[in-house]
Amino acid sequence: MSGPFQVAAEVVGVRRVGAYVALILAAPSIAAEARPGHFVALSVGGPATSMVLRRCFSLAGWGNGAVTVLFSVLGHGTDWLASRQPGDLVEVGGPLGTPFALPSGPQTCVLVGGGTGAAPLIPLAVALTELGSEVRMLIGAARAEKLMAVEQARLVADSVTITTDDGSAGLRGWVSDALPGLLAGADAVYGCGPMRMLRSVAGLAAAVEVPSQVAVEEAMACGVGVCMTCVLPILGDDGRTRMLRACLEGPVFAGDRVRFDAVGTVPADAVGAS
Amino acid sequence: MTDLTTRLAGLEFAGPVFTASGCAAAGRELAPYFDLASIGGVVTKSVMLAPRAGRATPRMAETPSGMLNSIGLQGPGIDTFLSTDLPWLAQRGVAAVVSIAGHSAEEYAALARRLRDAPGLAMIEVNISCPNVESRGRVFACSVDDAAAVVAAVRAEAEIPIFAKLSPDVTDLVSIARSCVAAGADGLSMINTLLGVAIDPRTLRPVLSAVTGGLSGPAIKPVALRCIWQVHAALPEVPILGMGGVRSGRDALEFLVAGASAVSVGTATFADPTAPARVQAELAAELTARGFATVSEVIGLAHLKEAPVREGGARAG
């Protein structure tokens, strides 16, 4: 059997982690096929809910038949998820999306996460470490309590660099200020976080000719490729730009293929632009 | 067990539940979730003559019991659709209802012509909720004459049944329905989305880059039932493919008794990719529990003067 799967998953655990909520769901089929960069779509509000769309989250971890997501409570949907109790059921679809492409052997890798974008980098760091890679992690947030996954990063990465906008933890500034210092000898850069951060990460990697992969955050309605909501302009092998779905062709794209300058628009040279 | 075989415009389908245009792409993405051949069929996303990139993002806003979308008919165009999407459905024995969209009656006719010998194609759904470039962008579906002109143009080219998909954003829906049928529509799909706006209270700006979007989901279900009711009452012989907020078998049953011959499941698919198959299974259980042997027995039942069902759900008579 091959996924993605749609299951009613039992809540195994739900707890506060700093400014975030960690939700652990029993979903053996999804956990068995999960890869770094995959995401899941969670229904919210119960069967008679007025919230008709699922909430999509990158997988922050999996194992023992369960999957973990980390999120901020931003509205009624995430509030509903945060108030689940062990034993409750949550409808989950996954694993969804195109995950990170992993190297075939050991490399020197720089992993850059901003805000909640740090979460999916933990399983990526684990996978890269298992391949014998050197993993340098760079995690940033607006302030100390918004930092995510720092402790796990210290367990799995060879080095961890922290930045906060206000200097309340680590270096004061953005991850893009710290990234150049981590690129010496790097073979690959992986990024996950806000689009503006990914643009900097992809640009800095390209400047020193290091390939990058970025997992984009785009608003999604379905998560499975049928609604065409989460599109962004991506350069193809043929040099032409197409509006591709973050949920299916992404969320991971090569950093040099994302038309960051045109995200949120349909560039005039895109295939089918009117 | 109720026999789910469904007849629409002389064609036979495996069941009364279809996907809804714009909510299932061309079917393939839903294949991991259910057997596409088990439902009535796949109504594809509207295809146009040329590839189309659609509108800028944000294209979607969740609203109470619904959502707004302004995708802008992003799609590969008819060439890629015919070479890739339609054969994929045909090879799997999936009944394909191809939705077509254009900016002039000529474009619709050209699309119908291109679809003429396409294998696996059951019906054409004519999405007339597009701006007409020849009448200053007025939507075809909002004019008795424009709607009829498009349907007539498709009718002249198509050798298979055609359904006109109607917009609820009109003053007199029945007159539009009559004109489409008079122009050669074998049936009517209703309803398309209702136009809406969402404002972001933080930015005090519209959420959608296009400002307006189409409202779908359970929020529009009563509007859909009203439209189906009115048109079925006026044109009881015309088959209706009903859609607009169907997310359960009970919803589907309500659509059938209001006058629909079959239903499309749209927005519910975004929250549950198994929704079309699930709704069909739930509908089957609802029909069986009430002792109905076939789907056709319930079509329009709510229009009967006497209550068709006794309290407790048992069938009268």
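This is a predicted model: local features need pLDDT of at least 70, side-chain atom pairs count only at pLDDT 80 or more; totals for chains, interfaces and linings use all residues.
Figure 1. Of the 317 residues in chain B, 59% are buried. The chain holds 8 helices and 18 strands.

**Figure 2. The open sheet of chain B.** Eight strands of chain B form an open sheet with parallel pairing. Their order is β3-β18-β17-β12-β11-β8-β7-β4. Strands β3 and β4 (42-43) of chain B stand at the edges, and each has a single partner strand, so one side of each is left without a neighbour in the sheet. Strands of a sheet pair through backbone hydrogen bonds, and the pairing is either parallel or antiparallel.

**Figure 3. Pairing of β17 and β18 in chain B.** Strand β17 of chain B covers residues 240-242 and pairs with β18(B) in the parallel sense. The pairing runs over 2 bridges. In this view, L241(B) stands opposite A262(B), a residue of β18(B).

**Figure 4. Helix α8 of chain B and its surroundings.** Helix α8 takes in residues 275-289 of chain B, 15 residues in total. From its first C-alpha to its last it reaches 21 Å, close to the 21 Å expected at 1.5 Å a residue. Buried residues of α8(B) include A275(B), P276(B), A277(B), R278(B), V279(B) and Q280(B). Further along the helix, L283(B), A284(B), E286(B) and L287(B) are also buried. An α-helix has 3.6 residues a turn, so residues three or four places apart point the same way. The buried residues of α8(B) are covered by elements including β3 (17-19), α6 (249-258), β18 (262-265) and α7 of chain B. After α8(B) comes G291(B), which has a positive phi, near 80°.

**Figure 5. The side of chain B that touches chain A.** Here 35 residues of chain B are in contact with 30 residues of chain A. Three elements of chain B, β5 (60-63), β6 (66-69) and α7 (268-271), each supply at least two residues of this side. By class, the side of chain B that touches chain A has 19 nonpolar, 10 polar and 6 charged residues.

Notes. Residues are numbered from 1 along each chain as its sequence is written. Chains are lettered from A and ligands numbered from 1 in the order in which they are written. Helices (H or I, at least four residues) and strands (E, at least two) are DSSP runs, numbered from the N terminus. A residue is buried if 20 or more other C-beta atoms lie within 10 Å of its own, exposed if 12 or fewer, and partly exposed in between; C-beta atoms are placed from the backbone. Two residues are in contact if their C-beta atoms, placed from the backbone, lie within 7 Å. Ala, Val, Leu, Ile, Met, Phe, Trp, Tyr, Cys and Pro count as nonpolar, Asp, Glu, Lys and Arg as charged, and the others, Gly among them, as polar. The expected span of a helix is 1.5 Å times one less than its number of residues. Two strands pair if DSSP finds at least two bridges between them.
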